[in-house]
Amino acid sequence: MVISEARLARDSKGLIWGIVGASTIVIVISAQVGGILLPGLLIAAGIAALAWLILRMTVSVAVTEENIVLRCKPFYSTAIPLSDLSVVTRAPDTSLSEGYGLRILSKNTRGLLVGGPAVALETASRRWIISAADPEGAVVRIRVQTTNKSTTSLSE
């Protein structure tokens, strides 16, 4: 069950498209002046396609019977056993300075980020910062699932 899904903010999308647009114009003009228009157009098209993928990126958190599944579509996915989670809290908001997508934020901290509100998940070996549209709601739902999992395993 998906409990959170976050997307890039409209302002961030506009900034990225502006940078990509300016870059592709410079590439195409330079390629035309250099007499290599076709390769320049192909490079510009590749940059635009990659930007389109990045702008459609979503970060989601889903909970199954055994795992919490973290996804940064279309680039990355991982599952963390619910039994490995030790702490689930609200994290500080993220922005362009932390970057977008799968990020290595420090030695043992990874991020799946699209900017804005976030939750923090901690295991014995790693801390995850995950973008979430409603971080307070996501924290509550994850805590409920981990509590249900530990009560179920205790009663077995």
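1. Let's start with the S8–S9 pair: strand S8 (residues 116–122) and strand S9 run antiparallel and are joined by 5 bridges. S8 and S9 make a hairpin, with 4 residues between them. One facing couple is Val-119 and Ile-130, the latter in S9.

2. A word on the basis of these notes: the model is predicted, so local features need pLDDT of at least 70 and side-chain atom pairs count only at pLDDT 80 or more, while totals for chains, interfaces and linings use all residues. Residues are numbered from 1 along each chain as its sequence is written, and side-chain values use heavy atoms, with hydrogens and water left out.

3. Now for the sheet around that hairpin. It is an open sheet of 5 strands in the order S5-S8-S9-S7-S6, and its pairing is mixed. Strand S5 (87–94) and strand S6 (101–106) stand at the edges with a single partner strand each, so one side of each has no neighbour in the sheet. From one strand to the next, the twist averages 25°; angles run from 0 to 180 degrees between N-to-C directions, and axes are lines fitted to C-alpha atoms, for helices over the stretch in contact.

4. Which way do S7 and S9 run relative to each other, parallel or antiparallel? They run parallel, joined by 4 bridges, and Arg-110 has Trp-128 of S9 as its bridge partner. S6 and strand S7 (residues 109–113), on the other hand, run antiparallel with 5 bridges. There, Ser-106 sits opposite Thr-109 of S7.

5. Buried means under 20% relative accessible area, exposed means over 50%, and partly exposed lies in between (1.4 Å probe, protein chains only).

6. Ser-131 belongs to strand S9 (residues 127–131). This serine counts as buried because its relative accessibility is 0%. The Ser-131 side chain reaches the backbone nitrogen of Val-114 at 2.9 Å; a polar contact is a pair of N or O atoms within 3.5 Å, where within protein one must be able to donate a hydrogen and the other to accept it, and residues adjacent in sequence count only if both atoms are side-chain atoms. Leaving aside residues up to four places away in sequence, Ser-131 touches several others, including Ser-4, Ala-6, Val-59, Thr-94 and Leu-112. Contact means heavy atoms within 4.5 Å.

7. There is also an open sheet of 4 strands, in the order S1-S2-S3-S4, with antiparallel pairing. Strand S1 (2–7) and strand S4 (76–81) are its edge strands, each pairing on one side only. The twist here averages 10° from one strand to the next. Strand S3 (residues 67–73) pairs with S4 in the antiparallel sense over 6 bridges, and Ile-68 has Ile-80 as its bridge partner in S4.

8. Ile-80, in strand S4, is buried, with a relative accessible area of 7%. Not counting residues up to four places away in sequence, Ile-80 touches Glu-66, Asn-67, Ile-68, Leu-70, Leu-85, Thr-123 and Trp-128. The C-alpha atoms of Ile-80 and Glu-66 are 8.5 Å apart, with the two residues 14 apart along the chain.

9. Most peptide bonds are trans. Pro-74 lies in the loop between S3 and S4.

10. Finally, the helices. How do H1 and H2 pack? Helix H1 (residues 10–33) and helix H2 (residues 37–55) meet at an angle of about 170°, their axes 8 Å apart. H1 and H2 are therefore roughly antiparallel; over 145 degrees counts as roughly antiparallel, under 35 as roughly parallel, 65 to 115 as roughly perpendicular and the rest as oblique. Among the contact residues are Trp-17 and Val-20 of H1 and Ile-47 and Trp-52 of H2.

11. Leu-50, also in helix H2, is partly exposed, with a relative accessible area of 46%.

Definitions and conventions:
Helix = DSSP H or I, 4+ residues; strand = E, 2+ residues; numbered from the N terminus. Pairing = 2+ DSSP bridges.
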